[in-house]
Amino acid sequence: MGKKCFALRLGSILGYKEGWLAEHMLILGITDSNNNKKYIAAAFPSACGKTNLAMLQSSLPEYKIECVGDDIAWMKFDENGTLRAINPESGFFGVAPGTSYKTNPHAMSCIQKNSIFTNVAETSDGGFFWEGMENEVDLDKVDITDWHGNKWDKTKNTKAAHPNSRFCTPASQCPIIDPNWESPTGVPISAIIFGGRRPEGVPLVYEARDWTHGVFIGASMRSESTAAAEHKANIIMHDPFAMRPFFGYNFGDYLKHWLSFSNRPGLTLPKIYHVNWFRKSSTGKFIWPGFGENSRVLEWILNRLVGKVGCNETVIGNIPIISDFNLKGLDESKIDMKELFSIPLDFWEKEVTELTKYFNEQVGDHLPNQIKNELNKLRDNINDLKTQ
């Protein structure tokens, strides 16, 4: 983990001084049936699905996903004003628990050779094991040695692998590695996605109204903590831009750096989105099936980029018109789309209160006026709707 924290902190400072961005982001390419290809960068806190999205096996056969990188993006505007990104890493450093042939078959294919594992469990036949692989390892035929080096008893409530155990594997082994993944000029970024684990209140996807609003969305990121952070799980943490552990300089200056690109003439700024695969129903179950079905969210984003579909404007941003959202092949009776895209005002009123407290305590006078204005605008829009 040291290389990531240290390298991103150094990279972020260099980017600030030299006019580019070093970010905790995956990069993927998505190609439609007409061979039109777009590249997307996305920032999620650790253990929130970056690797799964970067190596997505699309449930929509008309779309092909290719992986440029799953963790870090260095991004710079070229002479034509296009934001281009490279993956500076030669491999993947993924969270092992939860990774399986069901959740991420491409990652599982990657790690079958030339790989290093830390704090995972080991099978008696020389294989590896962690939580999430129960259907892929015959636990009745092999013994498991847990990450402590002790024999693991599946009947007891103990973890075979550490919750933040990892695999490290060469990116070149990824079966869907993008042909341009090592291009020195990078790939052109058309959209930036922010996201996290939010069990309530936050819709499946929404679009920023403009670049400044998008920076506010990034600054406002909150997510349920996981074992990849140093905090206990199930606490909603502030993790702006998914960079909380990785900022190398003052966060207020970081925000000003992002905002500054809107003042530079001749730049084509990517559109910004927020996604949430993790919203739960009143019964505690995930509303959206996730994994390969997340390609449907990417499809909506692609359609927005080319003006193919409209949107509904809300207090937090633009959400899909449900009839425009591709649900073909899904059992719609099992997905409450109304709940998935609902924006409860009481929830967002509390969100504004939390953000105000966070910005005051953690950023203070360094908070740019544009971010203050966006926060006030959100507060006013909520109040206006509540008094109607």
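Here are some questions and answers about a predicted model of a protein structure.

Q: How do the axes of helix H4 and helix H5 run relative to each other, roughly parallel or roughly antiparallel?
A: Start with the two stretches: helix H4 covers residues 211–219 and helix H5 covers residues 251–260. Their axes come within 10 Å and cross at roughly 150°. Angles over 145 degrees count as roughly antiparallel, so H4 and H5 are roughly antiparallel.

Q: What is the handedness of the crossing of H8 and H9, left-handed or right-handed?
A: Helix H8 spans residues 345–363 and helix H9 spans residues 369–386, and they pack at an angle of about 155° with their axes 10 Å apart. That angle makes H8 roughly antiparallel to H9. While H4 and H5 have a right-handed crossing, the crossing of H8 and H9 is left-handed.

Q: How many charged residues are in the contact of H8 with H9?
A: H8 brings residues including Asp346, Glu349, Val352 and Phe359 to this contact, and H9 brings residues including Leu375, Arg379, Ile382 and Lys386. Sorted by kind, the contact has ten nonpolar and two polar residues. The number of charged residues is four.

Q: How many disulfides does the count come to?
A: The rule asks for a pair of cysteine sulfur atoms within 2.5 Å. Cys67 is too far for a bond, even from its closest cysteine sulfur. By this rule the count of disulfides comes to zero.

Q: Is Cys174 buried or exposed?
A: Cys174 sits in the loop between strand S12 (166–170) and strand S13 (187–195). Leaving out residues up to four places away in sequence, Cys174 touches Met55, Cys67, Phe92 and Cys110. Its relative accessibility is 4%, and under 20% counts as buried, so the word for Cys174 is buried.

Q: How far apart in space are Cys174 and Phe92, C-alpha to C-alpha?
A: Along the sequence, Cys174 and Phe92 are 82 residues apart. Even with that separation, Phe92 is among the residues that Cys174 touches. Their C-alpha to C-alpha distance is 9.3 Å.

Q: What is the phi of Phe241, and what about it stands out?
A: Most residues other than glycine have a negative phi. Phe241 lies in the loop between strand S16 (236–238) and H5, and its relative accessible area of 0% makes it buried. Although Phe241 is not a glycine, its phi is positive, at about 60°.

Q: Where does Ala242 lie?
A: Ala242 is not a glycine, yet it has a positive phi of about 55°. With 1% relative accessibility, Ala242 counts as buried. Its place is the loop between S16 and H5.

Q: How far apart in space are Ala54 and His106, C-alpha to C-alpha?
A: Ala54 is found in helix H2 (residues 50–54), and His106 lies in helix H3 (residues 105–110). Ala54 is buried at 0% relative accessibility, and His106 is buried at 12%. These two residues are 52 apart in sequence, and their C-alpha atoms are separated by 9.8 Å.

Q: Is Lys338 buried or exposed?
A: Lys338 is found in helix H7 (residues 337–340). Its relative accessible area is 72%, and over 50% counts as exposed. Therefore Lys338 is exposed.

Terms used: Residues are numbered from 1 along each chain as its sequence is written. This is a predicted model: local features need pLDDT of at least 70, side-chain atom pairs count only at pLDDT 80 or more; totals for chains, interfaces and linings use all residues. Side-chain values use heavy atoms; hydrogens and water are left out. Axes are lines fitted to C-alpha atoms, for helices over the stretch in contact, and angles run from 0 to 180 degrees between N-to-C directions. Helices (H or I, at least four residues) and strands (E, at least two) are DSSP runs, numbered from the N terminus. Angles under 35 degrees count as roughly parallel, over 145 as roughly antiparallel, 65 to 115 as roughly perpendicular and the rest as oblique. A crossing is left-handed if the near helix is turned anticlockwise from the far one by less than a right angle, and right-handed if clockwise. Buried means under 20% relative accessible area, exposed over 50%, partly exposed in between (1.4 Å probe, protein chains only). Contact means heavy atoms within 4.5 Å. Ala, Val, Leu, Ile, Met, Phe, Trp, Tyr, Cys and Pro count as nonpolar, Asp, Glu, Lys and Arg as charged, and the others, Gly among them, as polar.
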